[in-house]
Amino acid sequence: MSVDGDPPLIQARGLTKRFGGFVAVDGIDFDVHRGEAFGFLGPNGAGKTSTMRMIACMSPVSAGTLRVMGLDPATAGPRIRARLGLVPQDDTLDLELTVRDNLLVYGRYFDLPRKLIRQRTDQLLEFAQLTERANDKVDPLSGGLRRRLTIARSLISEPDLLLLDEPTTGLDPQARHLVWERLYRLKQQGVTLVLTTHYMDEAEQLCDRLVIMDKGRIAAEGSPRQLIDHHCTREVLELRFGPDDDHSALADKLDGVGSRVEVLPDRLLLYTANADAALAEATTRGLSPESWLVRRGTLEDVFLRLTGRSLAD
Amino acid sequence: MSTRPAIRSLAYWTYQYRRTWRATLASGFLMPVLYLTAMGLGLGSLVNRHAAPTRLGGVSYLVFLAPGLMAAAAMQSATMESTWPVMGGIKWTKTYHAMLATPLRVSDVLYGHVCWMALKVSLVSTIFLGVMAAFGAPRSPEVVLAVPVAVLTGLAYATPFAGFVATRQSDQPIIAIYRFLIIPMFLFSGTFFPVSQLPAAIRPLAYVTPLWHGVSLCRALSLGDATPAAALGHVAYLVALTVIGLAIARRTFASRLAA
């Protein structure tokens with residue numbers, strides 16, 4: 001991904017964000033290289049949005065260093081922002097303006113020539129499959145359409161770097177898949193993508209590399225595959241028992257089967273390289289689950305292992 | 001040729017105005033017509049009959065009232081533009097946040113919006129001047145200078161209000177601004193009757209309101225009896241408030257939008 005001698009597009013060292021006494025981002029290090037899709041995963045309150053806002057030069061760095069496109073956000077904010085697109089977590093569209101006008105006025109903020117803005121607007125409406133709604137007001141549009149419009153709008157300046165803060169939160173599956181497909185196309189065109197998400201499938205679909213954040217720190221870093229290999233097992237066996245069974249006692253019986261057993265209120269999770277063999281062994285040891293499920297280890301397992309199962313807020 | 005960033009953020013407000021210009025022009029026209037008819041002509045016929053002519057400087061009530069109302073309308077229009085839309089830019093439509101994701105800076109966002117407030121108040125005041133002239137209220141061609149004075153009066157309210165609203169979490173305080181500041185000032189800052197009619201103890205309160213300065217100068221320009229010294233004093237006071245308001249707004253916008 002990174003070519004030797006090619007400086008990272010984003011470089012953070014000891015990056016910290018404090019709000020009064022609260023530390024939102026606690027001295028994190030990361031590099032994002034040109035052309036890659038990089039993800040920040042984490043539960044609510046992990047510091048993902050604060051990190052994104054610092055990269056977008058919308059929020060001053062409290063401590064540490066941050067370079068975006070080789071520039072310092074503290075002094076070169078407008079220059080950096082001229083070359084990046086931001087898809088914020090909450091849409092900031094003007095609901096009373098039409099779809100097209102939202103793009104036209106946004107292009108003006110970048111001081112692009114009007115003719116160029118009009119050209120790009122037509123292309124972007126096409127790209128986001130919004131051409132038919134171009135003259136409709138934004139207000140009645142669904143969440144999926146608004147999200148596509150926000151993404152289209154962020155591309156009006158043809159940015160080198162696109163920041164997406166939870167791009168598909170609240171969308172239905174069809175809308176999510178369409179957004180993913182469009183983002184993948186942008187990546188193929190060479191746009192560097194940096195996104196935050198708490199959807200594991202989104203991270204697996206889109207990210208070449210990601211970090212898992214928890215309580216303002218980076219808990220793990222790697223490609224989705226590396227993270228699964230490193231923090232999880234190839235397969236997971238889920239065993240469900242009756243409500244009166246003592247899960248802890250059952251877990252003890254599985255000692256030595258697989259690499260780890262996790263006791264949940266409603267089931268046991270057995271992390272193993274071979275779930276079928278583990279199931280056979282469990283049966284041999286006298287366990288008779290009501291139902292079971294054999295599945296692959298996923299990023300979600302990694303995520304839950306690293307950030308815990310308790311609710312963040 | 002690059003366009004100044006604040007002008008680019010102003011572009012948003014003009015875009016947005018394309019949607020509502022008919023309604024606001026109509027109300028900008030109707031408001032002075034209604035007020036000048038009801039109060040200037042209607043109430044004025046009583047006033048003219050019963051008040052000693054010297055009380056209003058020897059002119060009819062309509063001639064006295066119209067320039068004062070012009071300043072008051074500027075205050076109201078500026079307040080409208082600097083309260084709810086500012087809260088909207090921060091919290092509801094989040095227009096400010098959209099702008100700040102582009103090369104625009106917080107100060108560009110603020111200056112662009114304040115430029116828009118000034119434009120909007122100029123528009124309202126120019127229409128007011130037209131209506132006033134149709135009623136035959138101005139006594140001097142200097143009245144055209146009342147338009148920039150009205151704009152300045154508006155800005156003396158708009159910049160501190162914008163700065164204040166940026167520190168608030170809800171629009172409740174905006175309602176309080178109207179109830180406890182705008183309505184009392186509208187009624188007691190010399191628009192409808194000379195401040196000299198107020199009890200001596202509360203007169204100084206009227207003198208510190210920006211509206212009194214705006215009303216006094218607009219009236220003097222309309223009557224043709226403005227003196228350079230008094231004019232300079234009023235303008236200086238209004239400019240000072242505008243500049244202080246802008247300095248406050250720069251700080252409150254920055255701490256709200258770029259935390």
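Of the 313 residues in chain A, 43% come out as buried, a label given when 20 or more other C-beta atoms, placed from the backbone, lie within 10 Å of a residue's own; with 12 or fewer the residue is exposed, and in between it is partly exposed. The model is a predicted one, with local features needing pLDDT of at least 70 and side-chain atom pairs counting only at pLDDT 80 or more, while totals for chains, interfaces and linings use all residues. Residues are numbered from 1 along each chain as its sequence is written, and chains are lettered from A and ligands numbered from 1 in the order in which they are written.

Chain A, taken along its principal axes, has C-alpha atoms that fill a box of roughly 75 × 45 × 40 Å. Chain A splits into domain 1 (10-228) and domain 2 (233-297), with bounds that come from an automatic or database domain assignment. The C-alpha centres of these two domains of chain A sit 40 Å apart.

Now for a helix of chain A that is well wrapped up. Helix α1 (residues 48-55) of chain A has eight of its eight residues buried, so it is largely enclosed by the rest of the structure. The buried residues of α1(A) include K48(A), R53(A) and I55(A). Just after α1(A) comes C57(A), with a positive phi of about 60°. C57(A) belongs to the loop between α1 and β4 (63-68) of chain A, and it is buried because 28 other C-beta atoms lie within 10 Å.

C57(A) is not a glycine, yet its phi is positive. Q129(A) is another such residue, with phi near 55°. Q129(A) sits in the loop between α4 (114-127) and α5 (143-154) of chain A, and it counts as partly exposed because it has 13 C-beta neighbours inside 10 Å.

Two further spots in chain A are worth a look. P243(A) lies in the loop between β10 (235-240) and α9 (247-253) of chain A, and it is exposed because 8 other C-beta atoms lie within 10 Å. P243(A) is 48 residues from L195(A) in sequence and 40 Å from it in space, C-alpha to C-alpha. K253(A), by contrast, is part of helix α9 of chain A, and it is partly exposed, with 14 other C-beta atoms within 10 Å. Setting aside neighbours within four places in sequence, K253(A) is in contact with R285(A) and L287(A). K253(A) and L269(A) are 16 residues apart in sequence and 13 Å apart in space, C-alpha to C-alpha.

Over in chain B, helix packing takes the stage. Helix α6 (residues 146-165) and helix α10 (residues 228-257) of chain B pack at an angle of about 25°, with axes 7 Å apart; the axes are lines fitted to C-alpha atoms over the stretch in contact, and angles run from 0 to 180 degrees between N-to-C directions. α6(B) and α10(B) are therefore roughly parallel to each other, a label for angles under 35 degrees, with over 145 being roughly antiparallel, 65 to 115 roughly perpendicular and the rest oblique. The contact of α6(B) with α10(B) has twelve nonpolar, six polar and no charged residues. Here Ala, Val, Leu, Ile, Met, Phe, Trp, Tyr, Cys and Pro count as nonpolar, Asp, Glu, Lys and Arg as charged, and the others, Gly among them, as polar. Helix α5 (residues 106-134) of chain B also meets α6(B), with axes that come within 9 Å and cross at roughly 140°. That contact of α5(B) with α6(B) divides into twelve nonpolar, five polar and no charged residues.

Finally, the two chains touch: 23 residues of chain B are in contact with 24 residues of chain A. On the chain B side, α1 (5-50) and α4 (95-100) each supply at least two residues. α1(B) gives the most, with seven residues. By class, the chain B side that touches chain A has eleven nonpolar, eight polar and four charged residues.

Methods. Two residues are in contact if their C-beta atoms, placed from the backbone, lie within 7 Å. Helices (H or I, at least four residues) and strands (E, at least two) are DSSP runs, numbered from the N terminus.
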